[in-house]
Amino acid sequence: MGLKITAENKTEILAKPENVQYPGIAIILVNDNTIEVRYVKNSDFISIVKKLRYRWNGTVWYHDINEFTGSAIDREAELGNELLNAGFCVEFATEEGRNKALEGVYKEENIRWIKWNPQEEKLAIRWERNNDKLYRAAKKLPGAKYRSGAILVSPEFFNEVLDFAQIYQFEFSKAAKDEIDIAKGKMESIPTVNAAKHKEKRLDDSDEKLKSMLLKNGIIEDLVDDDEA
């Protein structure tokens with residue numbers, strides 16, 4: 001059951017910065033799996049919410065909460081912290097969100113993810129905005145291909161992908177983790193063998209040596225195939 005706080009059932013949890021820059025109060029609501037924030041039309045406010053990936057639905061600015069965004073409390077704290085530091089008064093949805101915003105202690109929303117693409121049956125490395133450094137690094141992974149806004153890599157190369165994720169601070173979706181576990185299990189189940197080397201001498205270039213010898217002696221025409229004669 002998701003956290004649900006609406007305008008009808010919330011209590012006022014207010015915070016005011018020492019140096020107020022804007023009139024009124026920005027009101028944050030947490031509704032099921034969505035965070036909403038309401039304020040009068042203001043270019044500075046809009047810049048902040050856009051930076052935090054909020055969208056306008058014609059009535060209110062909102063941000064969906066899901067596997068990839070982190071908790072609603074962290075997103076509430078992040079938004080409130082940004083607004084307070086910009087000089088806005090804020091009405092929070094929760095006391096915990098307010099406290100985290102004031103302390104500046106919350107987990108930032110990660111925009112670097114390794115997901116699972118079921119159509120391609122590949123791990124899909126995704127990030128927001130242009131980043132040539134990440135693109136070049138991801139393209140160096142074994143068999144990597146760019147398609148539909150992501151770098152696709154086969155799960156059999158999970159060790160390389162795990163190293164990449166650690167270096168560049170990517171997180172894995174649940175589906176991606178599951179597929180990596182499957183790939184690990186498959187690799188571990190492959191029997192270890194010690195294959196003997198083939199000892200029979202392979203055919204060499206004797207035919208070419210013979211041809212050169214016959215050419216030298218002027219009798220190469222005698223070797224023309226019956227089918228070609």
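Student: What should I know about the ground rules?

Tutor: Residues are numbered from 1 along each chain as its sequence is written, and side-chain values use heavy atoms, leaving out hydrogens and water. The model is predicted, so local features need pLDDT of at least 70 and side-chain atom pairs count only at pLDDT 80 or more, while totals for chains, interfaces and linings use all residues.

Student: Why is Gly80 called buried?

Tutor: Buried means under 20% relative accessible area, exposed means over 50%, and partly exposed is in between, using a 1.4 Å probe and protein chains only. Gly80 has a relative accessible area of 0%, so it is buried.

Student: Where is Gly80 found, and what makes a run of residues a helix or a strand here?

Tutor: Gly80 is found in helix H2, residues 72-86. Helices (H or I, at least four residues) and strands (E, at least two) are DSSP runs, numbered from the N terminus.

Student: Which residues is Gly80 in contact with?

Tutor: Contact means heavy atoms within 4.5 Å. Leaving aside neighbours within four places in sequence, Gly80 is in contact with Ile28, Val90, Phe92 and Ala101. Val37 is 43 residues from Gly80 in sequence, and the two sit 9.7 Å apart in space, C-alpha to C-alpha.

Student: And Asn110, why is that one called buried?

Tutor: Asn110 has a relative accessible area of 16%, which puts it under the 20% cut-off, so it counts as buried. Asn110 is found in the loop between helix H3 (95-103) and S7. Beyond neighbours within four places in sequence, Asn110 is in contact with Phe68, Gln169, Phe170 and Glu171.

Student: What makes a set of residues a nonpolar core?

Tutor: It's a set of buried Ala, Val, Leu, Ile, Met, Phe, Trp, Tyr and Cys residues joined through side-chain atoms within 4.5 Å. The largest one has 26 residues, and Val37, Phe45, Tyr54, Leu79, Leu83 and Phe92 touch the most other members. H2 gives the most to this core, with five residues. Apart from it lies another core, of 21 residues, among them Leu134, Phe170, Ile180 and Ala183.

Student: How do you know that S9 and S10 pair?

Tutor: Two strands pair if DSSP finds at least two bridges between them. Strand S9 (residues 145-147) and S10 have three bridges, in the antiparallel sense, so they pair.

Student: Which other strand is joined to S10?

Tutor: S8 is, running antiparallel to S10 with three bridges; Ala124 has Leu152 in S10 as its bridge partner. Both faces of S10 (residues 150-153) are covered: Ala150 and Leu152 are buried on one side, Ile151 and Val153 on the other.

Student: What makes something a pocket rather than a cavity?

Tutor: On a 1 Å grid over the protein atoms alone, a cavity is a set of points where a 1.4 Å probe fits but cannot get out; a pocket is an open set with protein on both sides within 12 Å along at least five of seven lines, and lining residues have an atom within 4 Å of a point. The largest pocket is lined by 15 residues, with Arg53, Phe68, Glu109, Lys115 and Glu128 nearest its centre.
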